[in-house]
Amino acid sequence: MTLFIIATVVFLLLRLMPEEGYFNAEEYDKLDAIQREAILTQMGLRDPIHVQLTNFYRNLLRGDLGKSVVFRPGVPVIRVLKPKAPFSIYFGLSSVALSLLIGIPMGVFMARFKGKFFDNFGSSYVVLINAIPAAVYYLFIQLYFSAMLELPMLFNTRQPKSWILPTISMSLSGIAYYAMWMRRYMVDELNRDYVKLARAKGLSSSAIMFRHILRNAFVPMAQYLPMSILLTISGSIYVESLFSIPGMGGLLVTAIQRQDNTLVQALVLIFSSVGILGLLLGDLLMALCDPRIKLTRKTAAR
């Protein structure tokens with residue numbers, strides 16, 4: 001239902017966009033008003049809106065996302081996305097892996113040494129990442145880290161070193177996100193009765209932290225992992241544009257700039273679908289991590 005609403009709203013909003021978005025820029029200037037009207041009629045854009053919407057869903061159910069009008073005139077959107085997806089998947093998986101490998105242990109040690117140097121250092125990093133606009137530290141990394149580390153400023157498929165800075169940039173917010181929430185959930189668990197019982201039995205703080213608290217604190221984290229992973233894989237819009245990565249995120253920016261309405265519509269629907277799928281998988285993953293959660297019982301509602 002959510003996807004249906006999003007698809008309908010996106011379709012209706014794009015019908016409010018200028019008609020130039022359905023013509024090649026050079027072609028539009030050469031055509032007169034009658035020729036433009038004939039082309040729009042042939043494309044079905046002069047049909048009643050309910051007829052257009054019905055045709056849109058009929059094509060969508062067949063896997064037809066339409067054809068690009070400006071970016072690659074006449075080429076199906078699926079063919080346009082096919083060479084772009086691998087780059088988004090690679091950088092998405094790499095940045096998510098880096099975020100998980102650093103963010104979750106960071107949150108664990110922040111909770112383990114609450115109020116001490118490591119906790120203060122980690123909290124400062126989280127506040128810094130959330131307070132500064134991402135565009136600012138992305139540019140800082142591109143301009144200064146490339147000079148300091150002698151790394152290329154722009155992505156190049158033939159230079160593996162050029163893949164480092166985009167991956168780091170895409171992972172920074174994820175590291176802060178996982179560290180912040182892991183620390184919070186673990187600190188919440190510290191005051192539970194089972195922790196007091198474990199201490200009374202003589203278990204060490206490390207054993208309690210890693211064997212019991214970490215396991216329970218990970219359950220609420222599991223809900224957001226699939227969504228964050230899928231959204232990252234689908235492409236970071238700003239990072240791909242900044243580092244000239246030929247992925248789906250940068251493609252969306254280009255499609256908007258060049259007013260390719262059909263391509264914009266398809267990309268927004270794909271990103272929306274990925275987000276909704278992530279939420280669904282998050283609920284399923286929570287049920288797998290915590291046997292107390294049952295998807296078929298009302299009493300298990302969160």
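Modeller: A residue counts as buried when its relative accessible area is under 20%, as exposed when that area is over 50%, and as partly exposed in between. The model is predicted. With a relative accessible area of 21%, G66 is therefore partly exposed.

G66 sits in the loop that runs between α4 (49–61) and α5 (77–81). Beyond the residues up to four places away in sequence, G66 touches P76, V77 and T262. There is also a pairing across the chain: G66 and L263 are 197 residues apart in sequence, yet their C-alpha atoms are 7.8 Å apart in space.

The largest contribution comes from α4, with five residues. By type, the lining divides into twelve nonpolar, ten polar and five charged residues. The space in this pocket comes to about 700 Å³.

P220 can be described in the same terms. P220 is part of helix α11 (residues 205–222). Its relative accessibility is 23%, so P220 is partly exposed. Setting aside neighbours within four places in sequence, P220 is in contact with Y185 and M286. P220 and Y185 are 35 residues apart along the chain, with 7.8 Å between their C-alpha atoms.

The aromatic rings are another place to look, as the structure holds 18 aromatic pairs. One of them joins F91 and W163, whose ring centres are 5.8 Å apart and whose planes meet at 40°, so the pair is tilted. This pair links distant parts of the chain, 72 residues apart: F91 is in helix α6 (residues 85–112), and W163 is in the loop between α8 (134–148) and α9 (164–189). F91 has a relative accessibility of 0%, so F91 is buried. W163 also pairs with F155, again tilted, at 5.3 Å centre to centre and 45° between the planes. At 10% relative accessibility, F155 is buried because the limit for that class is 20%. Ring pairs join F87, Y90, F91, F155 and W163 into a cluster.

One further ring involves a charge: R112 lies over the face of F113, 5.2 Å from the ring centre.

Terms used: Residues numbered from 1 in each chain as written. Predicted model: local features only at pLDDT ≥ 70, side-chain atom pairs only at ≥ 80, totals over all residues. Heavy atoms only, no water. Helix = DSSP H or I, 4+ residues; strand = E, 2+ residues; numbered from the N terminus. Buried < 20%, exposed > 50% of the residue type's maximum accessible area, 1.4 Å probe, protein only. Contact = heavy atoms within 4.5 Å. 1 Å grid on protein atoms, 1.4 Å probe; cavity = no way out; pocket = protein on both sides within 12 Å on 5 of 7 lines; lining within 4 Å. Points joined across faces, edges and corners; volume = space filled by probe spheres on them. Nonpolar A, V, L, I, M, F, W, Y, C, P; charged D, E, K, R; others polar. Phe/Tyr/Trp six-rings, centres within 6.5 Å; stacked < 30°, edge-to-face > 60°. Lys NZ or Arg CZ within 6 Å of the ring centre and 35° of its normal.
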